[in-house]
Amino acid sequence: RGGETRVGVERMFGLMDRFLKSDPSSLQKDILDHVEYTVARSRFSFDDFEAYQALAHSVRDRLIERWHDTQLHFKKKDPKRIYFLSMEFLMGRSLSNSAINLGIRDQYADALKELGFEFEVLAEQEGDAALGNGGLARLSACQMDSLATMDYPAWGYGLRYQYGLFRQVILDGYQHEQPDYWLNFGNPWEIERVHVTYPVKFYGTVEDENFNGGKRKVWLPGETVEAVAYDNPIPGHGTRNTITLRLWAAKPSDQIDMESYNTGDYINAVVNRQRAETISSVLFPDDRSYQGKELRLKQQYFFVSASLQDIIRRFKDSHSNFDDFPEKVALQLNDTHPSLAIAEVMRVLVDEEHLGWNRAWDIVCKIFSFTTHTVLPEGLEKVPVDLLESLLPRHLQIIYDINFDYIEELKKRIGLDYDRLSRMSIVEDGAIKSIRMANLAIVCSHTVNGVSRVHSELLKTRVFKDFYELWPHKFDYKTNGVTQRRWIVVSNPSLSALISKWLGTEAWIRDVDLLAGLQEQAANADLHEEWRMVRKVNKMRLAEYIEAMSGVKVSVSAMFDVQIKRIHEYKRQLLNILGIVHRYDCIKNMEKSDRTKVVPRVCIIGGKAAPGYEIARKIIKLCNAVAEKINNDPDVGDLLKLVFIPDYNVSVAELVIPGADLSQHISTAGHEASGTGSMKFLMNGCLLLATEDGSTVEIIEEIGKDNMFLFGAKMHEVPALREKGPTLKVPLQFARVVRYVM
Ligand code: Z2T
């Protein structure tokens with residue numbers, strides 16, 4: 001520290017080789033140096049994993065150069081920064097993605113070949129960063145890639161869970177959960193910032209204090225935990241812009257509990273301190289249902305408080321008051337999970353920075369925007385007041401004060417319609433008095449964002465109807481997207497090469513709209529043939545994986561029919577399985593001679609069930625039970641197979657999607673807010689079997705309904721069908737299996 005001034009900037013520059021070179025021999029030297037000095041293995045003897053570690057560190061060095069330049073650039077320019085707050089990021093692997101975005105993947109592959117290593121083989125050594133549940137979390141990851149590529153001065157903020165999403169193991173057909181020890185072998189993609197730490201406070205009481213002749217509130221917290229930053233550089237493609245995903249880990253605070261030290265209870269004092277780390281220890285695996293758990297609320301406030309201290313510190317570096325705060329800071333709330341940030345900004349501005357309430361409120365109203373990802377009411381968070389009061393007493397007061405002003409304002413706007421007032425209140429009175437986090441987020445945000453057009457319509461006409469009528473200008477939507485860099489370039493390199501060849505440019509890697517240029521070649525038989533070959537090779541890769549994971553041999557000339565996503569009743573994996581049972585039954589009852597007309601099919605299902613979601617767990621068991629029966633029936637052979645792919649995650653998706661012929665997105669219409677899986681399949685040339693739901697509605701408009709299989713009832717038909725009850729007939733031989741499992 002302070003070395004810069006002592007050594008002298010001139011001399012420092014003289015000592016630095018700016019920048020690292022990326023020719024094959026420089027890369028080789030670099031990798032071997034990392035084998036020796038970072039991994040501490042002999043450069044004459046190291047295995048694939050050690051080679052991966054050295055390679056990762058070599059890529060990381062190049063990331064860091066760009067990352068430093070980016071920070072320096074934006075520090076000088078001081079633009080408005082976008083802060084994306086999310087409890088979940090499903091980053092998956094980083095090696096290929098980083099090397100490709102840096103534009104040096106092929107150089108590395110060449111360099112490695114001469115050393116006797118294969119880039120792809122080393123890339124397989126990396127474990128997934130699975131700090132999230134499903135679509136919401138992968139969307140966050142795709143957005144980070146796009147923000148970096150499009151040169152935004154963006155920051156992602158989240159939690160560095162010690163254990164990510166559980167590993168799914170299938171035993172006797174049932175899902176078992178195992179902890180995800182993703183950090184056990186080290187993580188070269190993060191940089192621990194031991195000096196970027198902030199105290200985060202919990203519990204305690206709020207007292208009145210005399211101040212400037214009046215009173216003010218002071219929070220006297222009861223517990224302090226330290227948040228330590230871990231920075232994950234996110235490189236854009238074809239730009240030097242490399243932004244930061246800053247994840248917080250909990251550490252015991254330095255402010256020691258003097259009382260217990262003085263009373264001689266040293267061992268207990270140390271052990272108690274260690275408990276602080278539990279805050280960031282594990283990701284909650286429920287992707288929707290909200291349970292009022294204290295640890296979850298602690299996680300939310302922990303990451304919100306640390307992030308805001310960091311953001312405000314950065315703002316204050318170049319501003320002496322808060323006048324320009326809304327011009328320099330945009331806070332995007334990924335679902336309601338980070339919405340305590342609203343109360344926290346009020347608290348910091350009023351209690352710590354001593355701005356008046358109205359001035360602080362004026363700032364708050366200009367900086368927050370809120371994305372919601374669901375239409376299902378069980379997904380809406382309601383924090384019990386008792387819980388909030390004990391953990392964050394000052395925040396509860398602030399929320400009450402916000403609600404008071406808001407309800408007064410509301411009465412002026414809509415009159416004394418008490419039903420509506422109580423529906424719209426941030427506070428829910430009832431058996432368990434609670435805070436409606438979505439209402440808080442809507443009241444305090446300038447924009448409420450849906451994730452597809454129909455989703456936004458449902459928000460306006462149903463879920464948040466009262467609010468839409470009050471503030472129509474707040475409601476907007478941005479239909480979800482996925483990054484083609486991860487979902488074509490990284491995961492399907494041969495298709496990527498094919499597209500670049502036929503478009504005559506790689507520009508589509510930064511500008512996805514250019515893919516439309518392929519339309520001119522739509523009838524080109526050579527292109528079709530090349531594409532088929534690409535698919536075939538991807539299917540062979542997938543078939544090998546299936547055999548290794550489940551022991552089932554599948555034919556690559558069969559149609560691969562895939563449904564991979566979290567297991568949910570509304571996503572209707574059960575319907576898919578019953579459809580497979582029906583298909584099996586038809587084949588069994590068919591004349592032998594007719595069987596030649598059947599297109600052989602491999603049905604692939606994969607996904608995790610929330611540990612407490614019993615029906616979802618049973619759907620997994622049913623799938624495995626049906627698979628057992630079908631796959632061992634020599635009478636059916638290659639005509640029909642069913643495989644459940646265990647431990648579905650980002651890397652598995654990268655393997656499965658490029659090998660799929662048909663993919664299923666068959667949610668009950670009106671339930672899938674957007675859906676992003678369909679886009680990944682689509683851009684790999686896979687056919688869709690899909691309900692008119694979520695983003696599919698817009699996909700149909702883009703590709704035309706003749707280019708897909710439209711499935712199931714329309715949204716407006718669903719209520720009447722529910723009324724009518726089930727009409728499905730399950731073949732007798734399976735009725736017992738289904739009844740037994742379900
Ligand atoms: C999630 O992945 C999604 C919604 C949630 O609601 C929670 C989770 Cl963990 C609280 C998904 C939606 O189901 C999906 O339709 C959407 O595409 C995705 O978020 C991203 O917006």
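Student: Where is K588?
Tutor: K588 sits in helix 24. Keep in mind that this is a predicted model.

Student: Okay, is K588 buried or partly exposed?
Tutor: K588 counts as partly exposed, because its relative accessibility is 27% and buried would mean under 20%.

Student: And what does K588 touch, leaving out residues up to four places away in sequence?
Tutor: With those left out, K588 touches R595, D633, D635 and V636.

Student: How far apart are K588 and V636?
Tutor: In sequence, K588 and V636 are 48 residues apart. In space they are 7.2 Å apart, going from C-alpha to C-alpha.

Student: Back to helix 24 itself. Which of its residues are buried?
Tutor: In helix 24 the buried ones are Q573, N576, I577, L578, I580, V581, Y584, D585 and I587.

Student: What span should helix 24 have, at 1.5 Å a residue?
Tutor: Helix 24 has 17 residues, 573-589, so it should span 24 Å. The C-alpha atoms at its ends are 24 Å apart, which agrees.

Student: New topic: helix 3 and helix 6. At what angle do their axes cross?
Tutor: The axes of helix 3 (residues 24-38) and helix 6 (residues 105-115) cross at roughly 65 degrees and come within 9 Å. Angles of 65 to 115 degrees count as roughly perpendicular, so helix 3 and helix 6 are roughly perpendicular to each other.

Student: Which residues make that contact?
Tutor: From helix 3 you have P24, L27, Q28, I31 and L32. Helix 6 brings in Q107, Y108, A111, L112, E114 and L115. Sorted by type, the contact of helix 3 with helix 6 has eight nonpolar residues, two polar and one charged.

Student: Is the crossing of helix 3 and helix 6 left-handed or right-handed?
Tutor: Right-handed, for helix 3 and helix 6.

Student: What about helix 22 and helix 23, at what angle do they pack?
Tutor: Helix 22 (residues 493-503) and helix 23 (residues 525-550) pack at about 165 degrees, and their axes are 9 Å apart. That angle makes helix 22 roughly antiparallel to helix 23.

Student: Who's involved in that contact?
Tutor: Helix 22 uses S494, L495, L498, K501 and W502, while helix 23 uses D526, L527, E530, W531, V534 and N538. The contact of helix 22 with helix 23 divides into six nonpolar, two polar and three charged residues.

Student: Last one: where does Q484 lie?
Tutor: Q484 lies in helix 21, residues 484-490. Its relative accessible area is 4%, so Q484 is buried.

Terms used:
Residues are numbered from 1 along each chain as its sequence is written. This is a predicted model: local features need pLDDT of at least 70, side-chain atom pairs count only at pLDDT 80 or more; totals for chains, interfaces and linings use all residues. Side-chain values use heavy atoms; hydrogens and water are left out. Helices (H or I, at least four residues) and strands (E, at least two) are DSSP runs, numbered from the N terminus. The expected span of a helix is 1.5 Å times one less than its number of residues. Buried means under 20% relative accessible area, exposed over 50%, partly exposed in between (1.4 Å probe, protein chains only). Axes are lines fitted to C-alpha atoms, for helices over the stretch in contact, and angles run from 0 to 180 degrees between N-to-C directions. Angles under 35 degrees count as roughly parallel, over 145 as roughly antiparallel, 65 to 115 as roughly perpendicular and the rest as oblique. A crossing is left-handed if the near helix is turned anticlockwise from the far one by less than a right angle, and right-handed if clockwise. Contact means heavy atoms within 4.5 Å. Ala, Val, Leu, Ile, Met, Phe, Trp, Tyr, Cys and Pro count as nonpolar, Asp, Glu, Lys and Arg as charged, and the others, Gly among them, as polar.
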